[in-house]
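Subject: Structure handover

Hello,

Here is the structure you will be working with. Please open it first, then read the notes below it.

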Amino acid sequence: IQPYRLMCQPGARRERRPVHPGEEFGFVLKGQLTVTVGEETFVLEAGDSIHCETRQPRSWRNGGHEECAVICAISPPVPEGELGE
């Protein structure tokens, strides 16, 4: 399991294509994060979490008006620079 912290400013976004089999988890500490996994979209607020398989296309964006902080974990670990921080 590879933990990491994601900090994203308002308007920030990232899209990921399926890269490897595995799982990813995120817990929003502050702000708002809109996450799309496959065809489903979720609006996460502070205290919300999400879990998904990494084989699915997924993206996130900070559509809120403040910085968003998320604690994430991905398994198995991925090469440095591919996490989307």
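Phe-27 sits in strand β3. Its relative accessibility is 31%, so Phe-27 counts as partly exposed. The cut-offs are these: buried is under 20% relative accessible area, exposed is over 50%, and partly exposed is in between (1.4 Å probe, protein chains only).

Two notes on the ground rules. Residues are numbered from 1 along each chain as its sequence is written. The model is predicted, so local features need pLDDT of at least 70 and side-chain atom pairs count only at pLDDT 80 or more, while totals for chains, interfaces and linings use all residues; side-chain values use heavy atoms, leaving out hydrogens and water.

Now the overall fold. The protein has zero helices and eight strands. Helices (H or I, at least four residues) and strands (E, at least two) are DSSP runs, numbered from the N terminus. Along the sequence the pattern reads β-β-β-β-β-β-β-β. The radius of gyration is 12 Å, close to the 12 Å that the globule rule gives for 85 residues, so the protein is as compact as a globular protein of that length. That radius is taken over C-alpha atoms, and the rule is 2.2 Å times the number of residues to the power 0.38. The C-alpha atoms fill a box of roughly 35 × 25 × 20 Å along the principal axes. Of the 85 residues, 36% count as buried. Among contacts (heavy atoms within 4.5 Å) with a separation of 6 or more, 74% come from residues 24 or more positions apart.

Next, strand β1 (residues 2-8). Its covered face holds Gln-2, Tyr-4, Leu-6 and Cys-8, and its uncovered face holds Pro-3, Arg-5 and Met-7. β1 runs antiparallel to strand β8 (residues 68-75), and seven bridges join them. Strands pair if DSSP finds at least two bridges between them. Tyr-4 has Cys-72 as its bridge partner in β8.

After β8, look at the backbone. The peptide bond from Ser-75 to Pro-76 is cis, with omega near -5°. Most peptide bonds are trans. Pro-76 lies in the segment after β8.

Which residues does Asn-62 touch, leaving aside its neighbours within four places in sequence? They are Cys-8, Gln-9, Pro-10, Gly-11, Ala-12, Gln-32, Leu-33, Glu-67 and Cys-68. Asn-62 is in the loop between β7 (58-61) and β8. Its relative accessible area is 2%, so Asn-62 is buried. Gly-11, by contrast, counts as exposed at 55% relative accessibility. Gly-11 lies in the loop between β1 and β2 (13-16). Its C-alpha atom is 6.7 Å from that of Arg-61, although the two are 50 residues apart along the chain.

Last, the charges. Side chains of opposite charge can pair when their charged atoms come close. The whole structure has three salt bridges. Each needs a side-chain nitrogen of Lys or Arg within 4 Å of a carboxyl oxygen of Asp or Glu.

- Arg-16 pairs with Glu-24, their closest N and O atoms being 2.8 Å apart. Both residues are buried.
- Glu-24 also pairs with Arg-58 (3.0 Å, N to O). Glu-24 lies in strand β3 and Arg-58 in strand β7, so the pair ties together parts 34 residues apart in sequence.
- Glu-67 pairs with Lys-30 (3.4 Å, N to O). Glu-67 is in the loop between β7 and β8, Lys-30 is in strand β3, and this pair links parts of the chain 37 residues apart. Shared partners join Arg-16, Glu-24 and Arg-58 into one network.

Best wishes
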